[in-house]
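The sequence and the model come first.

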Amino acid sequence: GPIWMSPKDMATILKAAGIGFADLEETTVAEAAASAELLGYPLVAKAIAPTVVHKSDVGGVILGLETPEAVEHAGKMLRERMERIGAKLEGVLLQRQVGGGIEMMLGVTSDPTFGPLLVCGMGGVTVELLKDVSFSLPPVSDLDAHNMIARLKSAKLLEGYRGGAKGDIEALAMTLQRLSCLVELIPEIVELDLNPLKVLPPGQGVIAVDGRIRLAPVDSEEPPAT
């Protein structure tokens, strides 16, 4: 049946497709401080709790960890917070914290009629509130990718709205094309969500700091004879 990929496997798949993802390590509360030394600082600690969808809403994400002691304390806090809401903490995800950038969202959803659809929109917690998104069927060309971005109201943020920092639109468009190739190569991907995807200044690229991929078997049944 359908399964969600582990964060480590997801990051491996994305990096193989040329899509940047912030370095991470899956660990336990007891081993979190030691694992932190492998990644460097600053770090983010996230609860690995499959029953919790929006971890930030329940205190399942702790930012700005600069020392082994801070990481160790964060692991214990995550365990206490998950116990408080009746969720099982299966581990701790440590990830390099990426500062700056404009938060966008890229993803893939499955439509029962059209199949996979690529999604682009404003990222962070605002995506569900503002619903500023655009869609396209794969394959997505460079022109298609730029059109998806241009259709967004939030595209002005990437262009340096009211003197703000600009974003690397070319890198964002290229990432959309790579996602398009990925879902064509791996039809088992039925859902993919990169949110937030940090769009750095022009020439510096993009990097995802959170995401998930759901896999399901491809229907191998022969179509009915006509």
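**Helix 2**

Helix 2 (residues 32-39) buries Ala32, Ala33, Ser35, Ala36 and Leu39. Buried means under 20% relative accessible area, exposed over 50% and partly exposed in between, with a 1.4 Å probe and protein chains only. Seen down the axis, these residues fall within an arc of 160°, so they line one face of helix 2. The arc is taken over the directions from the helix axis to the C-beta atoms.

This is a predicted model: local features need pLDDT of at least 70, side-chain atom pairs count only at pLDDT 80 or more, and totals for chains, interfaces and linings use all residues. Residues are numbered from 1 along each chain as its sequence is written, and side-chain values use heavy atoms, without hydrogens and water.

- Ala34, Glu37 and Leu38 are exposed on the other side of helix 2.
- The cover over the buried residues of helix 2 includes strand 2 (24-27), strand 3 (43-48), helix 3 (68-84) and strand 5 (91-96).

**Helix 3**

- Val71, Ala74, Gly75, Leu78 and Met82 are the buried residues of helix 3.
- They cover an arc of only 105° around the axis, which puts them on the same side of helix 3.
- Exposed Glu69, Glu83 and Arg84 sit on the face of helix 3 turned away from its buried side.
- The buried residues of helix 3 pack against helix 2, strand 3, strand 4 (61-65) and strand 5.
- Gly86 follows helix 3 with a positive phi, near 80°.

**Confidence**

- The chain has a mean pLDDT (the predictor's confidence in each residue, from 0 to 100) of 92, and 95% of its residues reach 70 or more.

Conventions: Helix = DSSP H or I, 4+ residues; strand = E, 2+ residues; numbered from the N terminus. Contact = heavy atoms within 4.5 Å.
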